[in-house]
Amino acid sequence: MKKLFFCLFIVSGLYTSIGAQELKSPDGQLIMDFWLSDIGVPTYKLSYKKQPVIKPSSLGLSLKKEEDLIGNFNILELEHSNFDQTWKPVWGEEKEIRNHYNEITINLEQQNTHRKMVLRFRLFNEGLGFRYEFPQQDNLGHFVIKDEKTQFALTGDHTAWWIPGDYDTQEYDYTESRLSEIQTMMKNAITENMSQTSFSETGVQTSLMLKTDDELYINIHEAALIDYPAMHLNLDVKNMVFESWLTPLANGDKAYLMAPFTTPWRTIMVSDGARDILSSRITYNLNEPSKIADVSWIKPMKYIGVWWEMITGKSSWAYTNELKAVRLGITDYEAIKPNVNHGANTANVKKYIDFAAKHDFDGVLVEGWNIGWEDWAGHSKDYVFDFVTPYPDFDVDEIQKYAKSKGVEMIMHHETSSSVRNYERHIDTAYQFMKTHGYNAVKSGYVGDILPRGENHYNQWLVNHYQYAIEKAADYNIMVNAHEAVRPSGIARTWPNLIANESARGNEFQAFGGSKPNHVTVLPFTRLIGGPMDYTPGIFEMDISKLNPQNNSHVNSTLANQLALYVTMYSPLQMAADLPENYERFLDAFQFIKDVPIDWEKSIYLEAEPGDYVTVARQEKGTSNWFIGNVNGETPRESNIKFDFLNKGEKYIVTIYSDAPDAHYKTNPQAYEIRKVIVNSKSRLKQFSAPGGGFAISITKADTEAMKDIKKL
């Protein structure tokens, strides 16, 4: 580990006025200026290679029943420092991450109230992070945030990739538009969800991806979201100024705080190349190091599951069709006639375990195993699940023994139905049940409106609940994959047992009417900025009516595109989401899913343009094997791949899984080709990608025997 640290302190009493304080990135390309306005309002601006990125923007917080922390400030002290450290994540897109920044800390005092507030700015080569800090003090103890007034004043009517601001869901397709068009396009951008609360015709969610007419790429997000509501952005269309918009509590207040306290970081990434946005690790670097001392139990997993058959409607979560309501502990499932399509039955689960064992998958997820699914959503029901009682046709002990005999781990499912109080009442019992029965990972869910009533998925109370569940899971050595929770903000650095989140429109929506074919070319620039996504890729049968004649949805992707997602959509928890019988039909293509790793030594973004295409090369951790994935939008294109990341003087066998020339996500999605060639570091590949398509490539060291009958590229 490498670490350099330098500090310079300036302490000279109160500054009633002071010139702008300049902070440069380590490479000098980014410059942040800070000053106090004539009325003492903290103000900053940001430029990149002498181009304005953020125009003068004010900072501050509005308080309830107290004078706002916005104006009338003086500067007490300035502190400059720099930091350079290389650290090793437990899992990730690379083995090591460099954390290199210059910092300025500005200690402020409000003249009339004598309350103190600190603004801390960290400038990296790829962007800026800043936050508010409140030290322990005599004049500020408990306080309530009414609004956060952080501004991001943009330089023009940029192109944006956005989803509607919403307190309860991120499960929207992305809209590409000018900022000035958000208001008119908002109505069509809001699509139906089981829980949703929009707040403004110009409100959008972070991570927000922007592109200027001068081809600067800008990304606005947040890092280290702890004990604070998630930040949205609300646009002043006339002035092109975004202002932070916090998710409220049930009573309308935004956050209840007490000093000492630090807010989450607000982040602005900037580059003249889209690839630099994807390779940035600012979000992780602004989080604290791991608080889990022994991380040996945290292991990336590749899994299959009894899930897609329920998502498509082929089978059901519910055990019976005869119940209109369920009372846990009173309803007698032994006396009720089962339906014929309950997916989580012992015999069916054993088939998945057999398939996992045959193809060397680590785990099997089973949903719908526990009682209560007949009456689980839409009724504002508190005691909805107990997380330990199986249906009569699911033998927990037998499944445990069978999976262990096959060398397969079972993955638990905890759907809370957003009854958060109920989950917290049962969480210790539920986690202990998992450990007793050999489950080391849990997929949790928060579908529907939150209980207690009036709370939202992304407010301070729920953010604290998600954090509580993660930390409690760590006590039991359990990994967490949270669905419908708040979008991640790099927390997985501090709590690496948070091995994945959903928190966006995942692959499941392909069975709910479909997603835009370019959706997966936007997600790496938005949702994945904060951490890995359990996107559940690997769907091979695109016509959902073949699984369920009542469902006419279509997966808007080619088969090759689905393979590429294992590389482009990073996650240490990757699912092969389709049914085993569909993989049996395409075993040659399925080989890539079997081969592709889930933990990486190094990642190189070869090509990227939000909404159009993403091409990534990744080296498997601890080996010389490389894998490449490309996902494409609606326009067919040709990639030009250089293999200069390979070791010089060595030969490699490249297996290319690609779209056939006539492939198309809608009309011919299963048209693919597989070919092998020999390459070295000087080789070049031109590769076609169909609309909604892509390609996946595996690269292994070649020996003389293996190279027989394989042509050079």
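Author: Buried means under 20% relative accessible area. V366 has a relative accessible area of 3%, so V366 is buried. Please keep in mind that this is a predicted model.

Reader: Where does V366 lie, and what does V366 touch?

Author: V366 belongs to strand β24, residues 363-366. Not counting residues up to four places away in sequence, V366 touches V306, A344, V349, F394, M410, I411 and H413.

Reader: Why is S47 called buried?

Author: The cut-off is again under 20%. S47 has 17% relative accessibility, so S47 counts as buried. S47 sits in strand β4, residues 42-48. Once neighbours within four places in sequence are set aside, S47 is in contact with Q29, L30, I31, P52 and V53.

Reader: What is the pLDDT of the model, and where does pLDDT stay under 50?

Author: The protein averages a pLDDT of 96, and 97% of the residues score at least 70. Over residues 1-17, pLDDT stays under 50, and for that stretch the model has 43 contacts beyond four places in sequence.

Reader: How do you know that the span of helix α7 agrees with its number of residues?

Author: The expected span is 1.5 Å times one less than the number of residues. For the 17 residues of α7 (residues 420-436) this gives 24 Å, and the end C-alpha atoms are 24 Å apart, so the two agree. Even so, α7 bends by about 55° at H426.

Reader: Which residues of α7 are buried, and what covers them?

Author: The buried residues in α7 are V420, N422, Y423, H426, I427, A430, Y431, F433 and M434. Their cover includes α6 (396-405), β25 (409-415), β26 (441-445), α8 (460-475) and β27 (479-482). After α7 comes G438, whose phi is positive, near 80°.

Reader: What makes β2 and β15 edge strands?

Author: Eight strands form an open sheet, in the order β2-β3-β4-β5-β12-β19-β18-β15, with antiparallel pairing. β2 (21-24) and β15 (203-205) each have a single partner strand, so one side of each is left without a neighbour in the sheet. From one strand to the next, the twist averages 25°.

Reader: How do you know that β18 and β19 pair?

Author: Pairing needs at least two bridges. Six bridges join β18 (residues 231-236) to β19 (residues 241-246), so the pair qualifies, and the two run antiparallel. M231 stands opposite L246 in β19.

Reader: What makes β17 mostly covered?

Author: Seven of the seven residues of β17 (residues 217-223) are buried. In a regular strand the side chains alternate between the two faces of the sheet. On one side of β17, Y217, N219, H221 and A223 are buried, and on the other I218, I220 and E222 are buried too.

Reader: Which strands pair with β17, and over how many bridges?

Author: β16 (residues 208-211) and β17 pair in the antiparallel sense over four bridges. In that pair, K211 stands opposite Y217. The two strands form a hairpin with five residues between them, and E215 in the turn has a positive phi of about 65°. β22 (residues 265-271) pairs with β17 over seven bridges, also in the antiparallel sense. There, the bridge partner of E222 is R266.

Technical notes: Residues numbered from 1 in each chain as written. Heavy atoms only, no water. Buried < 20%, exposed > 50% of the residue type's maximum accessible area, 1.4 Å probe, protein only. Contact = heavy atoms within 4.5 Å. pLDDT = per-residue confidence, 0-100. Bend = angle between axes of the 7 residues up to and from the residue. Axes fitted to C-alpha atoms, helices over the stretch in contact; angles between N-to-C directions.
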